[in-house]
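This report concerns one residue and the chain interface to which it belongs. The structure is shown first.

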Protein chains: 2
Amino acid sequence: MEEEFQSQLLNSAVTELSRLPGIGRKTALRLALHLLRQDVEASDALARALTEMRHGIRYCSVCHNISQEPVCPICSSAMRDRSVVCVVENVKDVMLLENTGIFNGLYHVLGGVISPIDGIGPDRLEIDSLVERVRAGGIDEVILALGATMEGETTNYYIFRRLADTGVKVTQLARGVAVGNDIEYTDEITLGRSLRDRTPFSA
Amino acid sequence: MEEEFQSQLLNSAVTELSRLPGIGRKTALRLALHLLRQDVEASDALARALTEMRHGIRYCSVCHNISQEPVCPICSSAMRDRSVVCVVENVKDVMLLENTGIFNGLYHVLGGVISPIDGIGPDRLEIDSLVERVRAGGIDEVILALGATMEGETTNYYIFRRLADTGVKVTQLARGVAVGNDIEYTDEITLGRSLRDRTPFSA
């Protein structure tokens, strides 16, 4: 495949683009040919943005969210409630939760969930640092906001046990019928949970 | 949407990535976060490959295919039959035809097809330069290899008329049943053409 496209410059660009997730060689070629049709400025701007992003973004030393500073804007904000920490799987989950506009506490990004099949044990995740944060004091509640999957639940339980002797209150996201969904499209287990965890009606 | 992701470096990268065709902001974010998880070398290599490609590749002054030299390897090859020129819509079509291994002549890349709806007239395409190439002599046959679409057929006919007084032989790709396709999946017009243009059986 080395000289597939006659030009080794095109070949290199296609090879590098196709390393991105979800981008095969056909799509990579389409993207490369698109850039060749654009002004030089377009590909220069893209290359510069990617380089500056990768070199400029680090991980917050407190919550492990992405950040341009050693401590991220959320962790260093005086406006946030420092007594509540929401535990999430990854950086994208922080964005999703921030977009709800509901949460005003801090985060803790694990960097994944426990998954024996993928060889990801607790030691590969930011769980020790979470326990340290809680032990350091000032945190009243840890909200587990991992996915309602087998791996998410396993990780929830593991963290719950690790935090057991700290006395911190541990909660998790409510399970229930998705807003906008009909009952008939909700699986039995979720339906059962939503019945058991029913809340007072508010109009 | 300016500060959507808290980090303006991430924001710029997502914005630039989402300018690529078929890549929306969600996909762009997924790609950016992927690069953030990789070594610095991964994004550096991608940025460098794109920049070097865009700055290093120009268009062949003869056939308008992409090339790292003023004249492309096909046009400058002593092994190619210079008496046959295959007219294609774009650079990708050259790659497709080269991959068949059937054609040993030269190419002429139009850079599109005539499409009044998209405001693309003959003057926006490399048609004058094709006529010039033919008038310069040495070309016996021009093969029209444009798509069998309304725009492709219109362009075929326009080129055919422009070349009428040069005396060059003008042919086009055969229309017919696609190899591997059942008759029942072939549309009536194609089936009619394949019947009219039937070829001697060869086992």
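The model is predicted: local features need pLDDT of at least 70, side-chain atom pairs count only at pLDDT 80 or more, and totals for chains, interfaces and linings use all residues. Residues are numbered from 1 along each chain as its sequence is written, chains are lettered from A in the order in which they are written, and side-chain values use heavy atoms, without hydrogens and water.

**Interface of chain A and chain B**

| Property | Value |
|---|---|
| Buried area | about 4700 Å², 70% of it on carbon and sulfur atoms |
| Residue pairs in polar contact (both at pLDDT 80 or more) | 14 |
| Salt bridges | zero |

Buried area is the accessible area (1.4 Å probe) that two parts lose on being put together, summed over both. A polar contact pairs N or O atoms within 3.5 Å; within protein, one must be able to donate a hydrogen and the other to accept it, and residues adjacent in sequence count only if both atoms are side-chain atoms. A salt bridge places a side-chain nitrogen of Lys or Arg within 4 Å of a carboxyl oxygen of Asp or Glu.

On the side of chain A that touches chain B, helix 3 of chain A gives the largest share, 15 residues. Helices here are DSSP runs (H or I, at least four residues), numbered from the N terminus.

**A:Ser7**

A:Ser7 lies in the segment before helix 1 (8-17) of chain A. Its relative accessibility is 6%, so A:Ser7 counts as buried (under 20% relative accessible area, 1.4 Å probe, protein chains only). Leaving aside residues up to four places away in sequence, A:Ser7 touches B:Ile57 and B:Gln68 (heavy atoms within 4.5 Å). With B:Gln68 there is also a side-chain to side-chain polar contact of A:Ser7, at 2.7 Å.

Definitions and conventions. Helix = DSSP H or I, 4+ residues; strand = E, 2+ residues; numbered from the N terminus. Buried < 20%, exposed > 50% of the residue type's maximum accessible area, 1.4 Å probe, protein only.
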